[in-house]
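Reader: Could you take a close look at one buried site and then set it in its surroundings, giving the cut-off behind each term as you use it? I would like to know which criteria are applied before I rely on any label.

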Amino acid sequence: MQTKLTELLDIKHPIIQAPMFLVSNVAMVTEAMKAGIAGCIPALNYRTLEELRSALKELKASKVEGGSFGFNLIVNKSNVKYKGQLEVICEEGCDFIITSLGSPEETIRQAHAVGIKVFCDVTDLRFAKKVEQLGADAAIAVNNEAGGHRGNLSPEELTNLLSKELKIPVISAGGVGCKADIDTMLSYGAEGVSVGSPFIASVEAGVTEEYKQACVDYGAKDIIMTERISGTPCTVINTPYVQKIGTKATWIENVLNKSKTLKKWVKMIRFSIGMKATEKAAKKATYKTVWVAGPSIEHTTEILPVKAIVEKLVN
C-alpha cells in the first residue's frame, strides 16, 4: 500500500509504531523495521544522553530496507533534556523525529540541516497550520481515541479537517487496532496511521507481563480518563486501583490551580509523581497499577511478537 507516508519514510506499509513512554524500546523498533513499518521511541525513555546515543547506534546498525526509525522529543520547557537530546539525535542521525507539547521550530531547523524529517503532534487546525508554516514534513493528528494524552476531536472530524486544509501529509493517531481501522483512517484523508496500544502487548515490549496481559483482558469499555497522572486528562485502564484512587485532581490541587503563580508548579509536581507511579506499574508487578492505554486494545486478544501484530494490521 503506497501513500505519501510510505514515500516519505521509504517503508512498505503506512504505519508508525507510536512512541510510548516506558514501553517502546530498540527491540520493538528493530522488529517494526523488519516488518516493513516505521518505529519510534521517546527520547525520555533514556535517562542519559549516552544511553540515547547507544540506542541510535544500535538502530542504525539494525536498519533494513523497507523499515524506518525515529525518536520522539518533548519540545517544551518541562523537558530540561530537550536540547541535549536534539543535539545527540542530529549528530547520530535517524529517519525522523516526532515533536510533542511545544513549538517544533528549533527541532525542524536543526533536523532538516542534517536530513532528518520532522513530524509534529497536533490536536487542532490552528497548531497544525503553524507547524506547516514552520516547515514540518507531516502532521500527526492526535484524536480522541488515542492512548495517553489525547485530542478532543474524533478521528473522522480531525483527519478530514486537516487533510483538506493542509498541504503536508496527515497521519492519524488513535483508534487503530486492526486493518479495517487503517482503511477507515485512510478514507478520511490520512496518508498513514500511528499505532501505539496494540504494541504494548508485544513480546518485545519492555513492560511487565501483567501490563501486557491487562491489554489482552481489558477492552475499549475499560478505558477511562484520569487527571491523577500528569494533571492533564490521560487515558488509562480502569483497574481496581484506579477506581480506588479516583480520576479527578485532589481538592488542594484544584485550589492551587486557580493561582496563576502556583499552577505551573502544581502541574510539574503532579507530572513527576504520576510518571513515577506509571514507571513502577510498567516495570514491576504492584497492586498500584496505573496502566496507560487506548481503546484500540479492544482488538488485542493475545501477547504476540511485533511481527505478528503488524501482520494482523496489514492483512
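Author: Cys 94 counts as buried because its relative accessible area is 10%, where buried means under 20%, exposed over 50% and partly exposed in between, with a 1.4 Å probe and protein chains only. The model is a predicted one, in which local features need pLDDT of at least 70 and side-chain atom pairs count only at pLDDT 80 or more, while totals for chains, interfaces and linings use all residues. Residues are numbered from 1 along each chain as its sequence is written, and side-chain values use heavy atoms, with hydrogens and water left out.

A disulfide is a covalent bond between the sulfur atoms of two cysteines. Here it is assigned when a pair of cysteine sulfur atoms lies within 2.5 Å, and by that rule the count is zero. Cys 94 is accordingly in no disulfide, the nearest cysteine sulfur being that of Cys 90, 7.7 Å away. Another cysteine, Cys 215, is also buried, because its relative accessibility is 0%.

Gln 85 belongs to helix H4, residues 82-92; helices (H or I, at least four residues) and strands (E, at least two) are DSSP runs numbered from the N terminus. This glutamine is buried, at a relative accessible area of 1%. Setting aside neighbours within four places in sequence, Gln 85 is in contact, meaning heavy atoms within 4.5 Å, with Ala 43, Leu 44, Leu 49, Leu 52, Leu 73 and Asn 79.

Thr 30, in helix H2 (residues 26-34), is likewise buried, with a relative accessible area of 10%. Not counting residues up to four places away in sequence, Thr 30 touches Leu 59 and Ser 62; the C-alpha atoms of Thr 30 and Leu 59 are 6.7 Å apart although 29 residues separate them along the chain. Helix H2 also takes part in packing with helix H13 (residues 306-314), whose buried residues are Val 306, Ala 308, Ile 309, Val 310 and Leu 313 and pack against strand E1 (15-17), H2, helix H8 (179-187) and strand E8 (192-195).

Beyond residues up to four places away in sequence, Leu 153 touches Thr 123, Asn 143, Asn 144 and Leu 158, and its C-alpha atom lies 5.4 Å from that of Asn 143, ten residues away in sequence.

Helix H7 (residues 155-165) in turn meets helix H6 (residues 125-134), their axes coming within 10 Å and crossing at roughly 35 degrees; axes are lines fitted to C-alpha atoms, for helices over the stretch in contact, and angles run from 0 to 180 degrees between N-to-C directions. The contact is made by Leu 125, Ala 128 and Lys 129 of H6 with Leu 161, Leu 162 and Glu 165 of H7.

For the protein chain as a whole, there are 13 helices and ten strands, and buried residues make up 53% of its 315 residues. Of the contacts with a separation of 6 or more, 61% join residues 24 or more positions apart. The chain exposes about 14400 Å², of which carbon and sulfur atoms supply 53%, the areas coming from the Shrake-Rupley method with a 1.4 Å probe, and, for residues, with only the protein chains shown as cover.
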